[in-house]
Amino acid sequence: MGLCRWTIKVVVLTTVFSSLLPVRADEHDHKYTDKEEVVLWMNTVGPYHNRQETYKYFSLPFCVGTKKTISHYHETLGEALQGVELEFSGLDIKFKDEVMQTTYCDIELDKPKRDAFVYAIKNHYWYQMYIDDLPIWGIVGEADENGEDYYLWTYKKLEIGHNGNRIVDVNLTSEGKVKLVPNTRIPMSYSVKWKKSDVKFEDRFDKYLDPSFFQHRIHWFSIFNSFMMVIFLVGLVSMILMRTLRKDYARYSKEEEMDDMDRDLGDEYGWKQVHGDVFRPSSHPLIFSSLIGSGCQIFSVSLIVIVLAMIEDLYTERGSMLSTAIFVYAATSPVNGYFGGSLYAKQGGRRWIKQMFIGAFLIPAMVCGTAFFINFIAIYYHASRAIPFGTMVAVCCICFFVILPLNLVGTILGRNLSGQPNFPCRVNAVPRPIPEKKWFMEPAVIVCLGGILPFGSIFIEMYFIFTSFWAYKIYYVYGFMMLVLVILCIVTVCVTIVCTYFLLNAEDYRWQWTSFLSAASTAVYVYMYSFYYYFFKTKMYGLFQTSFYFGYMAVFSTALGIMCGAVGYMGTSAFVRKIYTNVKID
């Protein structure tokens with residue numbers, strides 16, 4: 001049995017990387033002939049307010065149908081990581097074959113079983129099923145107005161719509177309310193009704209979308225508001241910097257015409273005075289270059305996955321978004337190695353192998369470490385979110401046998417193609433002392449304030465993204481997400497350029513970490529917003545759901561911060577190189 005599970009996991013790992021988009025999770029091609037078997041999968045059950053706290057359907061004392069034989073079912077890597085636990089219902093359903101109300105099993109309700117159902121009803125448990133990859137939801141039961149008696153829904157009334165030889169619609173009606181009384185027998189029944197439908201197979205998931213929520217005028221207004229912020233910010237930055245830089249260039253050109261005596265007596269100040277230190281290697285270059293490389297990779301993954309989601313409806317397949325993200329992350333590992341390795345070489349780093357390892361495993365270690373911690377809680381709760389050991393091994397194999405070699409290739413290319421320190425200014429041997437300046441020009445203050453505008457451009461979109469992940473909404477407006485990503489990058493670059501200009505003008509040349517951290521501070525505001533969302537927009541409760549929420553929100557915020565930091569640094573680096581290239585330095 002153990003060998004079989006290992007074989008399945010190896011097949012899963014191979015399947016994920018055999019195609020850019022994950023294969024369909026079902027065993028057939030969604031085409032049926034009359035009387036052909038249609039499988040009803042039972043997925044998970046759990047409290048309504050805790051979407052991620054899910055358990056196997058048969059962890060509650062439901063009974064199984066009489067049908068025992070079924071064809072093989074394949075599980076994808078994305079499904080395994082998301083806790084999808086499909087189990088056969090045992091119900092006999094055939095294509096276009098109607099079934100009148102039929103009892104398929106009986107529940108012998110002793111006291112432990114009744115207590116389990118009562119606990120589920122008190123906590124508003126509901127379950128999820130699948131027919132032909134179409135999700136169906138139903139509630140376990142309900143209590144009376146006084147909360148003294150509890151009732152179980154015992155009759156599953158299925159209505160399936162078909163268009164030709166394809167299933168395009170499934171509806172479930174729960175009936176047969178039976179009071180839970182110990183030491184009684186409760187019959188469970190079902191019926192199946194087939195009807196013709198005009199819904200096209202390609203449009204069958206449209207009923208699960210919520211256009212009134214995602215395409216609300218507030219959503220459009222937030223995009224317009226962010227876009228106007230970008231126009232204003234870019235115009236303001238361009239006007240200030242162009243006028244200021246023009247005056248700086250004129251002043252520096254005038255100083256070039258002075259003789260040495262006049263120049264010594266003159267009042268020298270501004271960013272030109274730190275030309276011998278501005279390209280000095282940053283402190284801790286190994287960590288810094290690894291963060292920049294990881295941020296560039298996260299940006300590449302975000303861009304590619306959003307484009308793929310716009311082209312292909314990834315939400316129609318279970319676990320496809322996560323599987324696609326894992327594949328794209330592994331495939332873009334050379335981006336991490338190239339930018340991280342080239343930057344480390346430019347800064348004179350010699351321990352490039354160590355830098356490569358840190359860059360390659362920085363994000364995977366953060367994600368896997370958080371998942372490992374939450375996995376202990378999931379195992380304690382016996383939740384379906386507990387990641388199987390075989391899946392952990394598969395993810396580790398991806399890290400060591402795919403991500404690391406590709407990162408090595410990128411690092412070698414980066415060091416050889418763009419690893420030369422071709423700075424426009426020579427770096428002085430002795431660092432220039434940093435003069436005192438006003439408190440609001442200190443790097444710590446700049447870092448704290450730098451993330452406000454980038455967060456302001458995305459916080460409304462964060463609400464829609466959070467709601468789609470932590471509540472029961474399917475996010476499908478990836479065009480909005482692409483616009484927000486572009487706006488975020490533009491605002492981040494503009495803000496970091498302004499912050500860096502004022503920092504250099506104060507003759508403080510510590511701009512590398514300042515530009516990165518001022519942009520990365522966006523993550524702090526996003527994580528603070530997640531606290532507001534948890535306490536005021538959700539009704540989550542319990543140790544498992546709370547740790548899951550804040551754990552993965554910390555991962556999301558950190559990854560977003562690293563991406564913003566890398567984007568801000570890359571834009572600021574181009575700006576700094578540009579202004580010092582245009583100034584004549586003795």
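The chain exposes about 28,100 Å², and carbon and sulfur atoms supply 63% of that area. The model is predicted. Of the 586 residues of the chain, 51% count as buried. Along the principal axes, the C-alpha atoms fill a box of roughly 105 × 50 × 45 Å.

The secondary structure consists of 17 helices and 10 strands. Among contacts in the chain with a separation of 6 or more, 83% are between residues 24 or more positions apart. The charged side chains number 54 positive and 53 negative, and the centres of these two sets lie 2 Å apart.

**Helix H10**

Helix H10 covers residues 352-381. Just after H10, His 382 takes a positive phi of about 55°.

Asn 375 is found in helix H10. Its relative accessible area is 5%; buried means under 20%, so Asn 375 counts as buried. Leaving aside residues up to four places away in sequence, Asn 375 touches Arg 385, Ala 386, Ile 387 and Met 392. Arg 217 is 158 residues from Asn 375 in sequence, and the two C-alpha atoms are 40 Å apart in space.

**The loop between E1 and E2**

Asn 50 sits in the loop between strand E1 (40-47) and strand E2 (55-56). Asn 50 has 0% relative accessibility and therefore counts as buried. Its contacts, again without residues up to four places away in sequence, are Tyr 472, Lys 539, Met 540, Tyr 541 and Gln 545. Phe 544 lies 494 residues from Asn 50 along the chain, and their C-alpha atoms are separated by 9.1 Å.

**Two residue pairs**

The table sets out sequence separation and C-alpha distance for the pairs described above.

| Pair | Separation in sequence | C-alpha to C-alpha distance |
|---|---|---|
| Asn 375 and Arg 217 | 158 residues | 40 Å |
| Asn 50 and Phe 544 | 494 residues | 9.1 Å |

Asn 375 belongs to a helix, whereas Asn 50 belongs to a loop. Asn 375 is buried, and Asn 50 is buried as well.

How values were computed:
Residues numbered from 1 in each chain as written. Predicted model: local features only at pLDDT ≥ 70, side-chain atom pairs only at ≥ 80, totals over all residues. Heavy atoms only, no water. Helix = DSSP H or I, 4+ residues; strand = E, 2+ residues; numbered from the N terminus. Buried < 20%, exposed > 50% of the residue type's maximum accessible area, 1.4 Å probe, protein only. Contact = heavy atoms within 4.5 Å. Areas by Shrake-Rupley, 256 points an atom, 1.4 Å probe, with all protein chains shown as cover. Lys, Arg positive; Asp, Glu negative; His and termini not counted. Charge placed at Lys NZ, Arg CZ, Asp CG, Glu CD. Expected span 1.5 Å × (residues − 1).
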